[in-house]
Amino acid sequence: MFSRRTLGIVATATTVIALSLTGVSTASATDRDSFAGSVPKWATAANDAGVTAPDQTVEGEIYLPLRDQAGAEALATAASTPGARGYRKFLQPQAWIQHFSPTKADSDAVVASLTARGLTISAVPASRQYVVFRGTAAQLGALFATTLHDYNYSGRVLSAPSSAPSVPAALTGKVSGMSLDQARFLTHPDSIKQGDLPASGAEALSRQAPTPSAITAKCSNYTGEHTVTAPVAYGQTTFDTFNCGYVPSQLRSAYGVDSLAKSGVNGAGQTVAIIDAYASPSIVNDVNTYSAALGEPGLTAANYSQIVPTPAQFVDQAACGYPSGWQGEQTLDVEAVHGIATGAKILYVGGTNCGGGLDVAMSKILDNKLANIVSNSYGNLGEAVPNDVLKGAQNLHIQAAGEGIGLYFSSGDSGDEVANLGYASPDFPASSPYVTSVGGTSLGITQAGKIAYETGWGSAGDKINPAGTAYLSPLPGNFFGGAGGGASAVFAAPAYQQGVVPTSLSHGFRVSPDIAALADPYTGFSVGIRPIIDDVTLAVGDFTRETYGGTSLASPLTAAQIAIVQQATRTSIGFANPTLYGLDRILPSSFRDVQPQNPTKALVYTSARSGNSYLISLDQDTTLKTTRQYDAVTGIGGVSFELLSLLAAGRH
């Protein structure tokens, strides 16, 4: 517990602050600066599960306002917009911090306020945009004049302030918002293993031995390698089987990268940063075992580095899904980037958790410009975090754009999120207007390495009866996963989307995604990994190959292609959206416009765990639909090297 008074402070100004913090001041409550926008919308009486245990440790984050918000936004826009006077005139980190960051005095005042109450400071970035701290629920409640309660939300119990938190008048103007809730711990990797079934599917947890089925699909290494006969669907009875997992050489060929690699264009001279929570203990060994088996170049000290916390610094593991829950994500990201841009350097930066730790990881890159391409394969559950937190996080995206750093975020794996939230929402941070949101496709690749088909990622599965004569529910069956997207409820429509995104989708708001790449696990990517088998010791098991998908795959694939473009054109793209949409207005044929297949494309998948077989119907992404031109599944379309070369050269 904590003292109700802070003693021994004799300087007048400091005394005023300390007395305000303890609530033993003659000042009234109206002298405090209140932040109603820091209370999550789900912190309601209907969800209230009681007062949070006073001794429960809580992570908090205070956001400080930029000194010139309008100027920072103007720089981010001008530096990224073709034709603007400041196009690609980026600031170096120290210059950006000098012009726009909160002052050191303001940051120090916030830190002093926290430490005066016994709170622990976890991090203050060089940009001074926020302070991450930890303390008990009782300490935070007293400091911010609120009470933390537990709330039932999205199948979890999360703590949050029950009323608007506030800071003393002495800090007025120094704070723009705060995060005192656990909504940030809903942040999760946007990856799906092939065979992951909906939570309602009992076989997802079954450990029983496979049972015989009249229809057994063998995985295909390329489209058309194997077919099976199944009950009639979409006017046909012969279907391709699911993919074993594409390897890097197949994706390089399909995306047109191989021909450039022959002339030395493979991402050399570029650095792609990857951010996730925690750190895999076996990443280099895993990638090199995987690469050796496929005849690919491995990782060395010259092309791979990492900035990661020690295992002792990992926090909030249960809330964030443990290191084992993030290991596959890191492995997927690194192997995807390395598989496409074999000559690029990779920098992995791990967060201490899935909350403030991810912000700290981002700031390490931005404040030192350690890379100008950053892949982020994670997202929140919709935009279900307080508005003040969204805006505080967005300031990091504005900093990145002003410095010429392109942030790529996966758009999510749960479609419109209605099943999780009860209402439609895109995932944040992908919904931020200052990042490139990467949606997903299902991709068929021929034996010759060409694209056989490409459609929106939205997988629905219909179980085939044991006799192989009928489906157990009406087609297309249950939703298995699909690219996130849709209109934001927070961010207004950016100028770059005008004239491209239909108003019937935007209604005046930002719509994601922007572009798309392979994400369907049933046409997925083969990953090599030694999975963590003990989250305490971080011991790993034997090396295995698994097939992954999710927009977590699409984001690093896109980042890798950007690295190749930057090498080929000797150009730094920075925040790409204004250029992407600008080209789409004048030359929409430059994009691979991802559309529905006619008839609907479907694959047959047999679960190795249960022996059950399913018809997997593609392009079934909840209420999100692929259409001609822009749509909320694939954005303006699939990326192509030819397109991105034009973007980097600025020829439009």
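Reply: Let's start with Cys-219 and Cys-244, which form a disulfide with their sulfur atoms 2.1 Å apart. Keep in mind as we go that this is a predicted model. The pair ties together distant parts of the chain, 25 residues apart: Cys-219 sits in the loop between strand S11 (192-193) and strand S12 (227-233), while Cys-244 sits in the loop between strand S13 (236-241) and helix H6 (248-254). Turn the view to look along the S-S bond and you'll find 95 degrees about it, a right-handed link.

Cys-320 belongs to helix H9 (residues 317-320), and Cys-354 lies in the loop between strand S16 (345-351) and H11. That pair also links distant parts of the chain, 34 residues apart. Both Cys-320 and Cys-354 are buried. If you number the bonded cysteines in sequence order, the pairing reads 1-2, 3-4.

Since the loop holding Cys-354 leads up to H11, let's follow the chain into that helix. H11 (residues 356-366) packs with helix H12 (residues 387-403) at an angle of about 15 degrees, their axes 11 Å apart. Angles under 35 degrees count as roughly parallel, and H11 and H12 are therefore roughly parallel to each other. H11 passes H12 in a left-handed crossing. On the H11 side, the contact is made by Asp-359, Met-362, Ser-363 and Leu-366; H12 brings Leu-396, Gln-399, Ala-400 and Glu-403. Sorted by class, that contact has 4 nonpolar, 2 polar and 2 charged residues.

Most peptide bonds are trans, but a cis peptide bond joins Phe-428 and Pro-429, with omega about 15 degrees. Pro-429 lies in the loop between helix H13 (418-421) and strand S20 (436-445). Another cis peptide bond joins Asn-598 and Pro-599, where omega is about 5 degrees. You'll find Pro-599 in the loop between helix H16 (577-586) and strand S31 (602-606).

Terms used. Residues numbered from 1 in each chain as written. Predicted model: local features only at pLDDT ≥ 70, side-chain atom pairs only at ≥ 80, totals over all residues. Heavy atoms only, no water. Axes fitted to C-alpha atoms, helices over the stretch in contact; angles between N-to-C directions. Helix = DSSP H or I, 4+ residues; strand = E, 2+ residues; numbered from the N terminus. Parallel < 35°, antiparallel > 145°, perpendicular 65-115°, else oblique. Left-handed = near helix turned anticlockwise from the far one by under 90°. Contact = heavy atoms within 4.5 Å. Nonpolar A, V, L, I, M, F, W, Y, C, P; charged D, E, K, R; others polar. Disulfide = S-S within 2.5 Å. Buried < 20%, exposed > 50% of the residue type's maximum accessible area, 1.4 Å probe, protein only.
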